[in-house]
Amino acid sequence: PKDVESIYLDESGIINHAKEGTTIIDMTTSSPALAERIYNEAKTKNINSLDAPVSGGDVGAKNATLTIMVGGDEEVFNQVEDIFNVIGQNVVYQGKSGNGQHTKLANQIAIAAGMLGVAEAIIYAEEAGLNIDKVFSSIEHGAAGSWSLSNLGPRMVKGDYAPGFYVKHFIKDMRIAIEESEKRDLYMPGLLKAKEVYDALSEAGFEDNGTQSVIQLLKDHIKKG
């Protein structure tokens, strides 16, 4: 968020130098309150602003199948929707400024504890002597199915920890989600536990690895008891 704030709102930033009628689109995962601030500052300069964070990881970016969650004025969204469709397959207008970021935080909350579940399921299946490919064939099409299971599960099995999405960035997202939850007096045990585990993963030297590397930490923890 500090980088986003600087890029848009500093004296040398975009809002102070863009032409009237320009539409600015922030596709990072950032603070909803900051999205609203950028929107309001942009309005004073007759500039349009949308917050449009994405989900889908490196696979979605490469294949132009990203999910894009957009907040801001609907008429502005309608004007640029074709641009979103070039890189996204699931583009949804979420309402007023900041709502794109709120939706992305809900997305990250859903992923957080789910990542631990995917890793634990793989560890259990391997320890039970199961054929992990057959396990995936069964459970990814049932109630346990998820993007994380189908796309990151195989990477976990191979020990492929290359970053599609960095551990350090996931921690940043969870921190923002926790801050926003606390503002609303919400207790999120799954999110808090996931943040605790990923903090430990970062401290173990994995911050520049992909989020799927959490399986390595869990393997060590589970086997130690």
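Modeller: A64 is partly exposed, as its relative accessible area is 30%. Please keep in mind throughout that this is a predicted model.

Colleague: Which class does a residue with a relative accessible area of 30% belong to, and why?

Modeller: A residue counts as buried under 20% and as exposed over 50%, with partly exposed in between. The value for A64 is 30%, so A64 falls into the class in between.

Colleague: Where does A64 lie?

Modeller: A64 is part of the loop between α3 and β4. The backbone of A64 also deserves attention: its phi is near 55°, which is a positive value in a residue other than glycine.

Colleague: What is the phi of D185?

Modeller: D185 is not a glycine either, and its phi is positive, at about 55°. This residue sits in the loop between α8 and α9 (189-206).

Colleague: Is D185 buried or exposed?

Modeller: The relative accessible area of D185 is 71%, over the 50% limit, so D185 is exposed.

Colleague: Which residues line the largest cavity?

Modeller: The lining consists of Y8, I24, D26, A35, I38, S49, L50 and D51. Two or more of the lining residues come from each of β1 (23-26), α2 (32-44) and β2 (48-51). The largest share, three residues, is that of β2. Sorted by class, the lining has five nonpolar, one polar and two charged residues.

Colleague: What is the volume of the largest pocket?

Modeller: The largest pocket has a volume of about 820 Å³. It is lined by 41 residues, of which V54, G57, K104, Q108 and F165 are the closest to its centre. Among the elements that give two or more residues to this lining are α1 (2-9), β3 (54-55), α5 (99-127) and α8 (167-183). The most comes from α5, with seven residues. By class, the lining has 16 nonpolar, 18 polar and seven charged residues.

Colleague: Let us turn to the whole protein. How many helices and strands are there?

Modeller: The protein has 10 helices and five strands. Its radius of gyration is 19 Å, close to the 17 Å that the globule rule gives for 225 residues, so the protein is as compact as a globular protein of that length. The C-alpha trace spans about 65 × 30 × 30 Å along its principal axes.

Colleague: What part of the 225 residues counts as buried?

Modeller: Of the 225 residues, 41% are counted as buried. The accessible surface comes to about 11,800 Å², and 50% of this belongs to carbon and sulfur atoms. As for contacts with a separation of 6 or more, 66% are accounted for by residues 24 or more positions apart.

Terms used. Residues numbered from 1 in each chain as written. Predicted model: local features only at pLDDT ≥ 70, side-chain atom pairs only at ≥ 80, totals over all residues. Heavy atoms only, no water. 1 Å grid on protein atoms, 1.4 Å probe; cavity = no way out; pocket = protein on both sides within 12 Å on 5 of 7 lines; lining within 4 Å. Helix = DSSP H or I, 4+ residues; strand = E, 2+ residues; numbered from the N terminus. Nonpolar A, V, L, I, M, F, W, Y, C, P; charged D, E, K, R; others polar. Points joined across faces, edges and corners; volume = space filled by probe spheres on them. Buried < 20%, exposed > 50% of the residue type's maximum accessible area, 1.4 Å probe, protein only. Rg over C-alpha atoms; globule rule 2.2 N^0.38 Å. Contact = heavy atoms within 4.5 Å. Areas by Shrake-Rupley, 256 points an atom, 1.4 Å probe, with all protein chains shown as cover.
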